[in-house]
Amino acid sequence: METPLLTSLRSPRVVAARRLAKRNQRSKERRFLAEGPQAVREAVAFGRLAGGEHAVVEVYLTQEAAERHAEIVTTARAEGLPVLTATEEVIAEICDTVTPQGIVALCRFIDTPFEQVLAARPKLVAVLAHVRDPGNAGTVLRTADAAGADAVVLTDASVDPYNPKAVRASVGSLFHLPFATGVPVEEAVARLREAGVRVLAADGAGQRDLDQELDEGTLEGPCAWVFGNEAWGLPEETRELADEVVRVPIHGHAESLNLATAAAVCLYASARAQRSPGGCRGTA
């Protein structure tokens, strides 16, 4: 077995990585940590900046993790990325989780300027307005990725997508699709509409429901869904910005759906409609 290269909790690398637990430090250095084998695997395989530079700066892992996830090590080294073995104590010091899985990647920020999102002529976008829970933000990123969305936009009032909990909740999807951050919700909606994207606010107060949208074929064109705060939804001034306010119908007795579930239902409804014969992604 190799002798770990990182053994001291006071190593400059370890101290610098640990500082990234704080948002202001992440923003200052424009770096973040991706923990766990799935996140690191996706970071190594898909993490690229706009100029082609790799998003991963270094990979840290225990010897046991290196043996268990040898394919990640092989891919990282083939990409020319530094791979450093470390003791379990060092990995535990770096990671945010109580029981880390022995592998973490130091990464550069990978968000995309909003202008580039618009220039790509997106057909399906998730806009997170006032979303404060990092787990929800990461889960919506993962859901948008799975639904084939073109981008996610996090407004200036939403949580940091590089928060460790958000990165973990995205399960690697953070590295799969473009996402813009810090955009005022008014600007996001206005610019998307200028780009020919219909903007729908997902809210229980909507006069129309998702079934109506599907039945009338109004989800077949380019669409952006705006999702609000976990506790109080979307404020009236944000709802008024949208083309329509749409509620997810509750056919049973549940009081409501949580944010991540509602986002999944809405995004998949649009994805299915857009891929229908008459949809904007259809082949017929």
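Q: What share of the residues of the protein chain count as buried?
A: Of its 284 residues, 51% count as buried, a term for a relative accessible area under 20%, with over 50% called exposed and values in between partly exposed (1.4 Å probe, protein chains only). This is a predicted model, in which local features need pLDDT of at least 70 and side-chain atom pairs count only at pLDDT 80 or more, while totals for chains, interfaces and linings use all residues. Residues are numbered from 1 along each chain as its sequence is written, and side-chain values use heavy atoms, leaving out hydrogens and water.

Q: Why is Pro-161 called buried?
A: Its relative accessible area is 5%, and buried means under 20%; therefore Pro-161 counts as buried.

Q: Where is Pro-161 found, and which residues does Pro-161 touch?
A: Pro-161 is in the loop between strand S6 (151-155) and helix H9 (164-170); helices (H or I, at least four residues) and strands (E, at least two) are DSSP runs numbered from the N terminus. Not counting residues up to four places away in sequence, Pro-161 touches Leu-154, Ala-166, Val-167, Leu-174, Phe-179 and Thr-181, where contact means heavy atoms within 4.5 Å.

Q: How many helices and strands are in the protein chain, and what makes the chain as compact as a globular protein of that length?
A: The chain has 13 helices and 11 strands. Its radius of gyration, taken over C-alpha atoms, is 20 Å, close to the 19 Å from the globule rule for 284 residues, so the chain is as compact as a globular protein of that length. The rule is 2.2 Å times the number of residues to the power 0.38.
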